[in-house]
Amino acid sequence: MNELTWLQIARKYLGTHEKVNGKSNPVLLAMLQEMGNFNQEQKAWWKETDTPWCGLLVGYCLGKAGRAVIKDWYRAKAWAAAGLTKLNAPAYGCIAVKSRQGGGHVFFVVGKDAKGRILGLGGNQSNNVSIVPFNPADIDGYYWPSKLIDGKPVPSFPAEERYRLTAAAVTGAQGASEA
């Protein structure tokens, strides 16, 4: 199974922390500056990493991969309401949305562990880009990213083999902060 471009991009940022020497990480600030340049998503109006940034990693990686970025990419729960292809089960590379106290969280599904937990590659997981396990009961939904054709989002679907999730290296702990 070929690696998905948006996951190749996301993996390059594993371990990227939101702060460097007590200041907002310039790598993440550069991502923020690019938002608004991919398709018709909004630009970021903030220039720091104290604002929850899980949607930034998802939107940035999809945009760099040539996939559609939703208008309100910065709102984690907006990914569930944006008209993406809703999946009945998690698929490798799909977008997962979950609720948390005070809002939501969004990340990419990259596997399943021996306990049946979904492994999510996301930003702002304990203030960095990491892969952490999530209880499937805590996930509100799974969505497949739309293709971007002639500047317009076009629904797409995962290949059947992407539903066969396998183990992945975990870089963070379950219950990691998502805010």
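This is a predicted model: local features need pLDDT of at least 70, side-chain atom pairs count only at pLDDT 80 or more; totals for chains, interfaces and linings use all residues.
Visitor: How many helices and strands does the protein have, and which pattern do they follow along the sequence?

Guide: There are three helices and 10 strands. Reading along the sequence gives α-β-β-α-α-β-β-β-β-β-β-β-β.

Visitor: And how much of the protein counts as buried?

Guide: Of the 179 residues, 51% count as buried. Contacts tell another part of the story: among those with a separation of 6 or more, 64% are between residues 24 or more positions apart.

Visitor: Let's turn to the helices. Which residues are buried in helix 1?

Guide: Helix 1 spans residues 5-12, and W6, L7, I9 and A10 are buried there. Looking down the axis of helix 1, you find these buried residues within an arc of 160 degrees, so they line one face of the helix.

Visitor: What do the buried residues of helix 1 pack against?

Guide: Their partners are helix 3 together with strand 5 (103-112), strand 6 (118-125), strand 7 (128-134) and strand 8 (139-144).

Visitor: Which residues of helix 2 are buried, and which exposed residues sit on the face turned away from them?

Guide: In helix 2, L28, M31 and L32 are buried. They cover an arc of only 100 degrees around the axis, which puts them on the same side of helix 2. The face turned away from that buried side carries the exposed residues P26 and Q33. Part of the cover over the buried residues of helix 2 comes from helix 3.

Visitor: Which residues meet where helix 2 and helix 3 touch?

Guide: From helix 2 come L28, M31, L32 and E34, and from helix 3 come L56, L57, Y60 and K64. By class, this contact has six nonpolar, no polar and two charged residues.

Visitor: Now for the loops. Where is T16, and is T16 buried or exposed?

Guide: T16 lies in the loop between helix 1 and strand 1 (19-20). With a relative accessible area of 13%, T16 is buried, since the cut-off for buried is under 20%. Leaving aside residues up to four places away in sequence, T16 touches N25, V27, L28, W53, N127, N128 and V129. As for L28, it is 12 residues from T16 in sequence and 8.3 Å away, C-alpha to C-alpha.

Visitor: Which loop holds A68, and which residues does A68 touch?

Guide: A68 is in the loop between helix 3 and strand 3 (85-87). Its relative accessibility is 6%, so A68 counts as buried. Again leaving aside residues up to four places away in sequence, A68 touches N39, L62, S146, K147, L148 and P153. Take K147 as an example: A68 and K147 are 79 residues apart along the chain, yet 5.8 Å separates their C-alpha atoms.

Definitions and conventions
Residues are numbered from 1 along each chain as its sequence is written. Side-chain values use heavy atoms; hydrogens and water are left out. Contact means heavy atoms within 4.5 Å. Helices (H or I, at least four residues) and strands (E, at least two) are DSSP runs, numbered from the N terminus. Ala, Val, Leu, Ile, Met, Phe, Trp, Tyr, Cys and Pro count as nonpolar, Asp, Glu, Lys and Arg as charged, and the others, Gly among them, as polar. Buried means under 20% relative accessible area, exposed over 50%, partly exposed in between (1.4 Å probe, protein chains only). The arc is that of the directions from the helix axis to the C-beta atoms.
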